[in-house]
Amino acid sequence: QVQLVESGGGLVQAGDSLRLSCAASGRTGERYHMGWFRQAPGKERDFVASIDWSGSTTAYPDSVKGRLTISRDNAKNTVDLQRNSLKPEDTAVYYCAAKRLSLYSSKTVYTRVVDYDYWGQGTQVTVSS
C-alpha cells in the first residue's frame with residue numbers, strides 16, 4: 001500500500017501563487033498514475049490535474065488550464081501542483097491520489113475519483129479576496 005501526504009496548503013490572497021506537494025511512501029517501487037482533486041464543503045470531489053508515470057502526459061480541466069502545473073519526481077516520490085493566480089473559488093481541500101498501474105495499463109489520463117486507489121488526507125487551501 002502507498003501512503004500519500006499532502007503539504008503546502010494555507011491561507012493566501014487572491015492572485016497569489018501556491019505550490020502543493022504530495023509525498024508518497026510505502027510500495028513506491030510500483031508504477032502509479034498521480035492525480036490531484038479538490039473538494040469544497042458540500043460539494044463533490046472534483047478533478048484538478050493528473051500526470052502519467054513518465055510525466056510526459058498531463059491533464060487539466062478547461063477551467064484551470066493556464067493557471068496550474070502538475071509535475072512529478074519519481075526519484076523523490078513526490079508530486080507537485082503549482083497554482084498561479086489563485087481565486088476565491090479555488091478554496092477547497094486538495095487531495096493527492098494515486099492509481100496503481102500494471103504492465104497492461106494503457107490509458108494515460110484518469111480523471112475520475114473511482115479511478116484511483118490511494119488517497120492522502122488532504123490539505124486546506126483558503127483564498128481570500
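Trainee: Which side chain does the side chain of R83 make a polar contact with?
Mentor: That of D90, at 3.0 Å. Keep in mind that this is a predicted model.

Trainee: Noted. Is R83 buried or exposed?
Mentor: Buried. Its relative accessibility is 2%, and the cut-off for buried is under 20%.

Trainee: Where does R83 lie?
Mentor: In strand β8. L18 stands opposite R83 there.

Trainee: What else is R83 in contact with, leaving aside neighbours within four places in sequence?
Mentor: The list includes D16, S17, L18, R38, V48, V64, R67 and L68. D90 and Y94 are on it too.

Trainee: Let's follow Y94, then. Which strand is Y94 in?
Mentor: β9, residues 92–100. Y94 is buried, with a relative accessible area of 0%.

Trainee: Which side chain has a polar contact with the side chain of Y94?
Mentor: R38, at 3.1 Å.

Trainee: What else does Y94 touch, beyond four places in sequence?
Mentor: Among them are E6, L20, W36, F37, V48 and L81. G122, T123 and V125 are there as well.

Trainee: How far apart are Y94 and Q124?
Mentor: In sequence, 30 residues. In space, 6.3 Å from C-alpha to C-alpha.

Trainee: Switching to the core. How many residues are in the largest nonpolar core?
Mentor: 27. The residues with the most contacts inside that core are L4, M34, W36, I70, L81 and Y94.

Trainee: Which strands supply at least two residues each?
Mentor: β1, β3, β4, β5, β7, β8, β9 and β11. β9 gives the most, with 4 residues.

Trainee: What lies apart from that core?
Mentor: Another core, of 7 residues. F37, F47, A59 and L101 are among them.

Trainee: Which residues of β1 are on the covered face, and which on the uncovered one?
Mentor: V2, L4 and E6 are on the covered face. Q3, V5 and S7 are on the uncovered one.

Trainee: Why the every-other-residue pattern?
Mentor: Because side chains in a regular strand alternate between the two faces of the sheet.

Trainee: Cysteines next. How many disulfides does the structure hold?
Mentor: 1. The disulfide joins C22 to C96, with S to S at 2.1 Å. C22 is in strand β3 and C96 in strand β9, 74 residues apart.

Trainee: Why is that disulfide called left-handed?
Mentor: Because the torsion about the S-S bond is about -80°.

Trainee: Are C22 and C96 buried or exposed?
Mentor: Buried. C22 has 1% relative accessibility, and C96 has 0%.

Trainee: Last topic, backbone torsions. What is the phi of N77?
Mentor: Positive, about 55°, although N77 is not a glycine. N77 sits in the loop between β7 and β8. At 26% relative accessibility, N77 counts as partly exposed.

Trainee: And what about the phi of S85?
Mentor: Near 50°, again a positive value in a residue other than glycine. S85 is in the loop between β8 and β9. Its relative accessibility is 38%, so S85 counts as partly exposed.

Trainee: Thanks, that covers my list.

How values were computed
Residues are numbered from 1 along each chain as its sequence is written. This is a predicted model: local features need pLDDT of at least 70, side-chain atom pairs count only at pLDDT 80 or more; totals for chains, interfaces and linings use all residues. Side-chain values use heavy atoms; hydrogens and water are left out. Two strands pair if DSSP finds at least two bridges between them. Buried means under 20% relative accessible area, exposed over 50%, partly exposed in between (1.4 Å probe, protein chains only). Contact means heavy atoms within 4.5 Å. A polar contact is a pair of N or O atoms within 3.5 Å; within protein, one must be able to donate a hydrogen and the other to accept it, and residues adjacent in sequence count only if both atoms are side-chain atoms. A nonpolar core is a set of buried Ala, Val, Leu, Ile, Met, Phe, Trp, Tyr and Cys residues joined through side-chain atoms within 4.5 Å. A disulfide is a pair of cysteine sulfur atoms within 2.5 Å.
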